[in-house]
Amino acid sequence: MASDPNIYVYDEAAKHNKTKDCWLVINGKVYDVTPFMDDHPGGDEVLLSATGKDATNDFEDVGHSDSAREMMDKYYIGEIDVSTVPTKRTYTPPQQAHYNPDKTPEFLIKILQFLVPLLILGLAFVVRHYTKEK
């Protein structure tokens, strides 16, 4: 009769993130892939980049063969305690400025920003013209 699988806390599994000590969490199962580091076709960097998180998406995105999935059985060491897995944060978009259908004040400010310098420049020309000696 098979013994009950070991249950690991997520933080404990995440600590095993080195070449000589590498655990992966895939589909709620914990795998000690340390002996496989040198033999992995994608290199040990691929495995190391999947440590410290749920590597299910990383594993599934690659499209592993059936033989690769069967090979996982020999590296299986237990289950992850799902209550300890951090929840994914949902994206909340930044608050947008309140829509102002009446753009009159903003339009007036833009017009003044354009007209006031022109009026000052015009006044300077007028003053220069009338104060200039003939």
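Let me start with strand β3, residues 21-26, which is mostly covered, with five of its six residues buried. Buried here means under 20% relative accessible area, with exposed over 50% and partly exposed in between, using a 1.4 Å probe and protein chains only. Strands are DSSP runs of E of at least two residues, and helices are runs of H or I of at least four, numbered from the N terminus.

This is a predicted model, so local features need pLDDT of at least 70 and side-chain atom pairs count only at pLDDT 80 or more, while totals for chains, interfaces and linings use all residues. Residues are numbered from 1 along each chain as its sequence is written, and side-chain values use heavy atoms, without hydrogens and water.

Now the neighbours of β3. Strands pair if DSSP finds at least two bridges between them. β2, residues 17-18, runs antiparallel to β3 and is joined to it by two bridges. Lys18 stands opposite Asp21, and two residues separate the strands in this hairpin. On to β4, residues 29-32, also antiparallel to β3, with four bridges between them. Trp23 has Asp32 as its bridge partner there. In that hairpin, Asn27 takes a positive phi near 55°.

Next, the largest pocket. A pocket is an open set of points on a 1 Å grid over the protein atoms alone, where a 1.4 Å probe fits, with protein on both sides within 12 Å along at least five of seven lines; lining residues have an atom within 4 Å of a point. This one is lined by 20 residues, and Phe36, His40, Leu47, Phe59 and His64 lie nearest its centre. β3 is among the elements giving two or more residues to the lining, while α3 gives the most, with three.
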